There are 2 protein chains.
Amino acid sequence: MKAAKVRLFVDHPLGEGQSVSLSRDQAHYLFGVMRQMPGDVVSLFNGEAGEWRAEVVSAGRKNGELICRSQSAAQINPPDLWLLFAPIKKARTDFIVEKAAEMGAARILPIQSDFTNSERIRQDRLQAHAVEAAEQCGGTFVPPVEELQKLEAVLSHWPEERQLMFCDESLAGDQTRLPEIDGPWAILIGPEGGFSEAERKRLGEMGNAHSISLGPRILRADTAAVAALALWQAQLGDW
Amino acid sequence: MKAAKVRLFVDHPLGEGQSVSLSRDQAHYLFGVMRQMPGDVVSLFNGEAGEWRAEVVSAGRKNGELICRSQSAAQINPPDLWLLFAPIKKARTDFIVEKAAEMGAARILPIQSDFTNSERIRQDRLQAHAVEAAEQCGGTFVPPVEELQKLEAVLSHWPEERQLMFCDESLAGDQTRLPEIDGPWAILIGPEGGFSEAERKRLGEMGNAHSISLGPRILRADTAAVAALALWQAQLGDW
């Protein structure tokens, strides 16, 4: 069988012999843009069933069908790590979502904090970025991107067993090592203006919140997100 | 004295009472774009002398003068860490340079490896990105960006005392901790196609090269650069 040149996320069951119908957009991308033809092989994944080699059996302008032939990679789920971040400028918000998907975050939560400028996000567009990152980087999991929520609302329902690593250069704490606590975690990246006094107090009172230093230079929020994910993955995650 | 609203890198000596003449571009930026006027205060740094509060004493369309009043931050130099990377697509190469400056790399070396697509870079443009990153992020140091060199040429003159951390997912090694060796280091990020067999052999034969894992997911080169810098800084650097 030919080698697959395209990786595609599909919201569809996958398994041996499974037929997969394409949406209009997918058909346009696969046949119009990527010039795939009947007989060509495409890598499919749905976020749950690993990666499958699927053969194009029909290719139209508005639709198409593939048949799954064999599994080419097992499903790999990331550790139970959430990323909470305050949306910033559009390109950098897109970037944070892309990097979170690459770095193995399991769930992405845009949050509105006291000093967040952005009052809305395009959840569908951010989710599409997470899908594209997984397609590009060989991942079999796509982290869900939630709608924007207020930080206070998220913290007031915070699960007791989930540890929270937060990075705020104006807070005390020169620790770069996390406490060795297994189980679910989350990373909170503040907005460019940092956290408000009320938010600092709130975080300081949470028994399961841990302040971590990202060094003496001020990092942009997108840089801080990747750096924090790297520290967590290397120490407590699946690296 | 007023608070400074602008941070500007100048290639000029700085010190108490020092007069600083602006270039045409700087005058345009400071007075035309940022609307600064005589009496306003600007933060200046030159990469060597910390940060200075400087007062605008004359503002023209093509030139201008400032006088340094007081030092507002001490010089902070990063650890002796080089970042070697194979240039990729333009926006992502810009991004790597920006992030390296934020994360505290002391020197940035674009390298051409066997599988590097890019055969040239715009060194001046990349250097400008490093300057802008330092301006934005409150840094007082600007890492020099070198011209593109062949990886083989760099490795053949490699200083014996400088350790090299390299990240290549196809190489053996599931270490996320670096050996605790003090002194100068460098990080090498390969191109998207990874390293060639010859390059792998070359690196494997170097006694001071250390392979580090960045996890089970394939990372884009720009993500890998930030993640590797974070691991190094947290373990051996100034975080």
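Colleague: Which residue in E4(A) is the bridge partner of A:Ser43?

Modeller: This is a predicted model, and in it strand E3 (residues 41–45) of chain A pairs with strand E4 (residues 51–59) of chain A in the antiparallel sense, over five bridges. The two strands form a hairpin with five residues between them, and A:Gly47 in that turn has a positive phi of about 90°. Within this pairing, the bridge partner of A:Ser43 in E4(A) is A:Arg53.

Colleague: Is A:Arg35 buried or exposed?

Modeller: A:Arg35 has a positive phi of about 55° although it is not a glycine, and its place is in the loop between helix H1 (24–33) and E3 of chain A. Because A:Arg35 has 11 C-beta neighbours inside 10 Å, it counts as exposed.

Colleague: Turning to chain B, what is the phi of B:Arg35?

Modeller: B:Arg35 is found in the loop between helix H1 (24–33) and strand E3 (41–45) of chain B. With 11 other C-beta atoms within 10 Å, B:Arg35 is exposed. Although it is not a glycine, B:Arg35 has a positive phi, of about 60°.

Colleague: Which strand gives the most to the side of domain 1 of chain A that touches domain 2 of chain A?

Modeller: The domain assignment divides chain A into domain 1 (7–73) and domain 2 (81–236), with 33 Å separating their centres, taken over C-alpha atoms. Their contact takes eight residues from domain 1 of chain A and six residues from domain 2 of chain A. On the domain 1 side these residues divide into four nonpolar, two polar and two charged. The most, with three residues, comes from strand E1 (residues 7–9) of chain A.

Colleague: Which residues have the most contacts inside the largest nonpolar core?

Modeller: The largest nonpolar core has 134 residues. A:Ala228, leaving aside its neighbours within four places in sequence, is in contact with A:Met165, A:Cys167, A:Ile187, A:Ile189 and A:Leu214. The residues with the most contacts inside this core are A:Ala228 and B:Ala228.

Colleague: Which helix gives the most to the side of chain B that touches chain A?

Modeller: The contact takes 26 residues from chain B and 26 residues from chain A. The elements that give two or more residues to the chain B side are helix H2 (90–103) and helix H6 (221–236) of chain B. By class, that side has 13 nonpolar, eight polar and five charged residues. The most, with seven residues, comes from H6(B).

Colleague: Finally, which elements of chain B do the buried residues of H3(B) pack against?

Modeller: Helix H3 (residues 123–137) of chain B has 15 residues and reaches 21 Å from its first C-alpha to its last, close to the 21 Å expected. Just after this helix, B:Gly138 takes a positive phi of about 75°. The buried residues of H3(B) are B:Leu126, B:His129, B:Ala130, B:Val131, B:Ala133 and B:Ala134. In chain B, these buried residues pack against strand E1 (7–9), H2 and strand E7 (107–112).

Note on methods: Residues numbered from 1 in each chain as written. Chains lettered and ligands numbered in written order. Predicted model: local features only at pLDDT ≥ 70, side-chain atom pairs only at ≥ 80, totals over all residues. Pairing = 2+ DSSP bridges. Helix = DSSP H or I, 4+ residues; strand = E, 2+ residues; numbered from the N terminus. Buried ≥ 20, exposed ≤ 12 C-beta atoms within 10 Å, placed from the backbone. Domains from an automatic or database assignment. Contact = placed C-beta atoms within 7 Å. Nonpolar A, V, L, I, M, F, W, Y, C, P; charged D, E, K, R; others polar. Core = buried A, V, L, I, M, F, W, Y, C linked by C-beta atoms within 7 Å. Expected span 1.5 Å × (residues − 1).
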